[in-house]
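User: I am new to this structure. Please walk me through how to read its features, one at a time.

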Amino acid sequence: MGRLCVFLSVLCLTASCQSISDSQRLFSIAVSRVQHLHLLAQRLFSDFESSLQTEEQRQLNKIFLQDFCNSDYIISPIDKHETQRSSVLKLLSISYRLVDSWEYPSRALAPGSAPRNQISPKLSELKTGILLLIGANQDGAELFPDSSAFQLAPYGNYYQSLGGDESMRRTYELLACFKKDMHKVETYLTVAKCRLSPEANCTL
């Protein structure tokens, strides 16, 4: 009887280790993908800023500081301390909603350029990976009781015919918000991944 208990304990431990290993692998893939998207967002924003005059940059930055991103309605940690205190499931849930909020607006990022062709499919892959991680941690159904409640309208009048300065402002806002949100997701997924290694230092 004693040997049977030991054997069952070993089996449970092996299964648990395998589950953690699978989660770590999924997290590594997700973190790698969001890091790529964040770098791409930084590049697109930097390239756009470089195309502006100094005064245009100053004015656009001033305007953007007074505006809010479409995704700001998603409740998320207000600082690094709250991020570190948040559960893995909460960080995954917020990350999913942030990525999902860009499914439609991402089509307008860098139109006609090669990077644009990378963004939408990579966002879709990342969203799928986060859903798998949510499922591995807990039944994800209760996290999204009404998916329609999390649908974002397109970025204001961005898809209408805009002229001159307004078009420039909206492009700046779109790229700045994309960069901001990808940075958030990268941070949340990195912290959540770190939680799988109790001995690791997850300090931001």
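User: Let me start with the link of C69 and C177. Is that link left-handed or right-handed about the S-S bond?

Analyst: One point before the answer: this is a predicted model. Now the general idea. A disulfide is a covalent bond between the sulfur atoms of two cysteines. In this case the angle about the S-S bond is -95°, and the link of C69 and C177 is left-handed. The two sulfur atoms sit 2.1 Å apart.

User: How many disulfides does the structure hold?

Analyst: It holds one.

User: Next, salt bridges. What is the general idea?

Analyst: Side chains of opposite charge can pair when their charged atoms come close. Take K180 and D72 as one case. Their side chains meet at 3.2 Å, N to O. K180 is in helix α6 and D72 is in the loop between α2 (54-66) and α3 (80-85), so this pair ties together parts 108 residues apart in sequence.

User: Which residue forms a salt bridge with E103?

Analyst: K127 does. The closest N and O atoms are 2.7 Å apart. E103 is in the loop between α4 and α5, and K127 is in helix α5, so parts 24 residues apart in sequence are tied together. E103 is partly exposed, with a relative accessible area of 43%. K127 counts as buried, at 14% relative accessibility.

User: What about E173 and R169, and how are they placed in helix α6?

Analyst: They are four residues apart in helix α6, so about one helical turn separates them. E173 and R169 form a salt bridge, with 3.3 Å between the closest N and O atoms. E173 is buried, with a relative accessible area of 6%. R169 is buried too, with a relative accessible area of 19%.

User: Which residues do salt bridges with shared partners join into one network?

Analyst: D100, E103 and K127.

User: Now the aromatic rings. How many aromatic pairs are there?

Analyst: Two, counting ring pairs whose centres lie within 6.5 Å. F45 and Y172 make a tilted pair, 5.2 Å centre to centre, with 55° between the planes. That pair links distant parts of the chain: F45 is in helix α1 (residues 2-50) and Y172 is in helix α6 (residues 164-194), 127 residues apart. Both F45 and Y172 are buried.

User: How are W102 and F178 arranged as an aromatic pair?

Analyst: They are edge-to-face. The centres are 5.1 Å apart, with 65° between the planes. W102 lies in the loop between α4 (88-100) and α5 (114-137) and F178 lies in helix α6, so the pair ties together parts 76 residues apart in sequence. W102 and F178 are both buried.

User: How should I read a nonpolar core?

Analyst: Start with the general idea. In soluble globular proteins, nonpolar side chains tend to be buried together. Here the largest nonpolar core has 43 residues. L92, L123, L126, I130, F178 and L189 touch the most other members. The elements that give two or more residues to this core are α1, α4, α5 and α6. The largest share, twelve residues, comes from α6.

User: What does L126 touch?

Analyst: Leave out residues up to four places away in sequence. Then L126 touches A30, R33, V34, L37, V99, V185 and L189.

User: One last residue. Where does H38 lie, and is H38 buried or exposed?

Analyst: H38 lies in helix α1. H38 has a relative accessible area of 9%, so it is buried; the cut-off for buried is under 20%. Not counting residues up to four places away in sequence, H38 touches K179, M182, H183 and E186.

Methods:
Residues are numbered from 1 along each chain as its sequence is written. This is a predicted model: local features need pLDDT of at least 70, side-chain atom pairs count only at pLDDT 80 or more; totals for chains, interfaces and linings use all residues. Side-chain values use heavy atoms; hydrogens and water are left out. Rings of Phe, Tyr and Trp (its six-membered ring) pair if their centres lie within 6.5 Å; planes under 30 degrees apart count as stacked, over 60 as edge-to-face and the rest as tilted. Buried means under 20% relative accessible area, exposed over 50%, partly exposed in between (1.4 Å probe, protein chains only). Contact means heavy atoms within 4.5 Å. A nonpolar core is a set of buried Ala, Val, Leu, Ile, Met, Phe, Trp, Tyr and Cys residues joined through side-chain atoms within 4.5 Å. A salt bridge is a side-chain nitrogen of Lys or Arg within 4 Å of a carboxyl oxygen of Asp or Glu. A disulfide is a pair of cysteine sulfur atoms within 2.5 Å.
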